[in-house]
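Here is a short report on the model shown below.

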Amino acid sequence: MKGSSLTLHPEEEQLLRYLDGELPVQASGEVRSHLEACWQCRAALEELQNVVSQCVHYRKNVLQRHLPTPPAPWVDIYRKFDEIDTSVEPVLFDRFLRLLKSPFDTAIKKWAVAAAALLLFVGLFYRYRQTPSVHASELLRQAVVAANAHPLQPRRIQIRTRDRRLTRPAVAPQKTGFSAPDDAASNSLQAMFERANYSWTDPLSAQSFQAWRNQLSDKRDQVSEENQAYRIETSTNASELRNATLTLRTADLRPMEERLEFSNQEWVEITEVSDDTTPPVSRSAAENKRPAAGNAMPPVPEGSNPVSVLAPSASAADELQVVAALHDVGADLGDPVEVSRSQSDVLVSGVGIAPARQQEIKNAIGSKPHVVVRFSDSPPPARAQEQPVTPSDTTAGGDVRQLQSRLAEQLGGRANLEQLAAQVLDSSESLMARAYALRRLAEQFPVVAERELSATDRQLLQRLRAEHSAALRQQATEIDRDLQPILTSVNGDAGSLPPNGIPSEPWQAATEDLFQSARRLDKLLGVMFGAAPSEIPAGQIPAQLKISLAQLRARSDIYERSNK
Amino acid sequence: MSSYPLGEELAGVVQKRRAAMTLQDQVAQLFEEARDDVFRYLLSLGLYPPQAQEATQEVFLRLYTTLKKGEEIENPRGWIFRVAHNLGLKIRARQSSQAPFDPDLESRLAGPAMNPEQNLIEREQTLRFHKAVERLSEQQRRCLLLRLEGLRYPEIGSVLGISSSAVGEFLRRAISRLKKDEL
C-alpha cells in the first residue's frame, strides 16, 4: 500500500479512489483491511464522504434548482427519430407492410407480395448501389470546389503502410518526387500509386480521389456520415487499387484521412500530421501549388528536405524533445497538458487551455516529427481568482486551533498568520508542481527508456531533472526560511532527521522518495494551517514539520548531487 | 438476398422494424432521464440556454443514429457526455467572440426570495460551498461535475481527454479544496 513512510496510512487519493470503487481489487482489499484497524483513516474516510455528500447536495439544491431551465419545451423525440428513420429507410417498407395486412385474397396477395418484394429489391439496389454513387460523385465534386475556393497553408501528411511510415508535405513537388537513390522503399510506394493511376503527388485530396474514381469502368460506392465526417468508400476490380476510402470533414469537406487497399494486399493509410484547427492564414499565390483545403501545420523550413523523410516510430528521444519544449515554456508545471507516446506518435493533449497559451505551446513544440497536438478549441471560462488560503478555525480540531492561536500570538496577530499561511502554501504549491514534474519524468523515462537515449539526450534529461530539483530545493529553502521563526519558538526541540544514507538506486526511484517527502511536507503544512485534517496530535506538528523539511532538503541535496 | 424464401425475408423486415421501435423507446427513455443533466453540463461549458438545449437534443439524436447503425455503445451515459462535451466545445469555439454564459448563481443563492425554505445559516452554507466550487480550477470542476453525473474515472478521462489517474488527482484536489474551503 502506498502511504507515508511514517504512518503507512493510505493517502487521501487512495481513500477517494476506494470510496469511488476505482481501486484495483487487491489494493481495495488492503485499504479495507487497514480501515478496519484504523480509526484515524475511518475518520478521514468519513470526512471525504461528507464532502461527497455535500457535493451531491449541491447538485440537487443548487445546480438542479437554480440553473436556468431549458427555454423551450423539449422536442418530441419520437418525431425526430422518425425523421431520421424516414431519411434512412425507404418509405416502401411501410406501404409494403400495409399491403400485407390488406384484405386481398390469397392469389392477389401473392402477386402483391412478389411485386412489393421486387420493388423492395429494386429500392435496396437503388439505395445501396446507385444512390451512393450519386452521393459520392456529388460529394467529391463539392469537395473539389471547396478545396479550390479556399486556398490554405501547406500541410503535412503521414503515410503509413504495413511496415513503414513517412511524413511529407501533402503536395510533393513533381520534379523531385521520391527520387532519392537510397529511398527504394518510397520509390516502390510511388510506383504502386502510379500503376494504380492514383496521384502520388497529392494523394490526400478530393481531386485525386475523384480523378481515380472517374476513370474506373466498374465501381461500387458507399457513403456514410459519422463523427462529423463523410466517408466515401469506392471498390473496384478495374484498378490495382481495389478499395479506397476518403474521409471528408462535414463542415468544410476537407479531406482528413484516406485508406487505400491494393490488389497485392498492401494497404496505405494517409492522414494529416496534426489536427491543428487554427484558422488558416493567407499565403502567396506562388506558395499555392494546389489550392486545397489544408490545415495550419507550419511550412517546411527552408533548406530542409522538401519532399519526405522516412521516419521510424516515435521514440523515447522524440518524447524527450517534446517534454523539453514544454519545459522551456513552463508547460510542465501545472498546465493541464499531457504527453503520451504510442507506437507511432507522441501525443500532446490538453483541454481548457487558453488559445494564446495553446499557441505558445504549439510554437514551442514546432514541427517536431511524430508529434500530434490535440487541444480543445474552447476558450476556458474566466476562472475565479484564487483566494488566499487562510488558517481556518473550523477545519482544524481543537488542538490545531490552539496551535494556530499560539502561532498568531507569536506573529503579532491573526492577520500575520494568514499572510504567512498564504505565502507558505503558495510556495508549497510551487514545490509540489516541481515534484509532480519530476515524478512525471521518472514515469516517462524509466530505466529501460533512458537506455534508448543517446548521450546528448541523456544530458538533456539530466538538465530537466536538475532544473526541477534545483527549483524544488529553492522552494523548500524559502518555506524553511519563512517558517523558522515560528518553528523555533513553538517547538525548539525538533532536530533534523536526515534520510538514511545516500540511495544507490536509480534516479527514478530516488525521484519517488523525493516526491513522497515533498508530499509529506505539503500535507503537514496543510494540517498546520487548517487546510487538511490532522492525523497526528497538534503538539507534534511543528516537530514533524521541521523533520519533514530537513528530510526534504537532505533528499533534494542528494538528488541534486546525483544529477551531476 | 434472393436465396432466402420470401417469407423469411419479410419476417426479417418486420423484425427490423420492431427492433427499431425498441431502440427508439430505449433512447427516448434515456433522453427523458438524462436530458436535464446534459443541458446543465452544457451550461457549465459556457453555452447559452437555447444553444445548450439544441445541443442536448442533437446529442441524443446522434446516439440514436449511432445505435441504429449497429454500433455498440458500452456505456451510453458516458458516451452522451463525451459527445456533449465535444459538441459544446465546438459551439463555444464558433462563438468565441461572445462571452461564455454565466448563470450568476451567486446572486441567485444570496437572495432570500430564491430560497424561502432555507434559513439564513443554510443559505450562507450553500453560498459558501458554491463559492468554493467556483474557486476550483477548470479541470477540477469539470471532473467533479462529471463525477456527480455518475461517470467513472476512465469515462471522465475519455470526456476530457486525460488519463484516469489524472482524473483521480484532479478529484482529490477538488475534494481537498472543498473540504478546506467549506469546513
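## Chain B

Along the sequence, chain B reads α-α-α-α-α-α-α-α. That makes eight helices and zero strands. Helices (H or I, at least four residues) and strands (E, at least two) are DSSP runs, numbered from the N terminus.

Chain B has 183 residues, and 42% of them count as buried (20 or more other C-beta atoms within 10 Å of the residue's own, with C-beta atoms placed from the backbone). Take the contacts in chain B between residues at least 6 apart in sequence: 62% join residues at least 24 apart. A contact means C-beta atoms, placed from the backbone, within 7 Å.

## Basis of the model

The model is predicted: local features need pLDDT of at least 70, side-chain atom pairs count only at pLDDT 80 or more, and totals for chains, interfaces and linings use all residues. Residues are numbered from 1 along each chain as its sequence is written, while chains are lettered from A and ligands numbered from 1 in the order in which they are written.

## A sheet in chain A

Three strands of chain A form an open, mixed sheet, ordered β9-β10-β11. Its edges are β9 (337-341) and β11 (371-375) of chain A, each pairing on one side only. Pairing requires at least two DSSP bridges between two strands. From one strand to the next, the twist averages 15 degrees.

β9(A) and β10(A) (residues 346-350) run antiparallel, joined by five bridges. A:R341 sits opposite A:V346 of β10(A).

## The packing helix

Helix α10 (residues 355-365) of chain A packs on this sheet and touches β9, β10 and β11 of chain A. The direction of α10(A) makes about 180 degrees with that of β11(A). Axes are lines fitted to C-alpha atoms, for helices over the stretch in contact, and angles run from 0 to 180 degrees between N-to-C directions.

Notes:
A residue is buried if 20 or more other C-beta atoms lie within 10 Å of its own, exposed if 12 or fewer, and partly exposed in between; C-beta atoms are placed from the backbone. Two residues are in contact if their C-beta atoms, placed from the backbone, lie within 7 Å.
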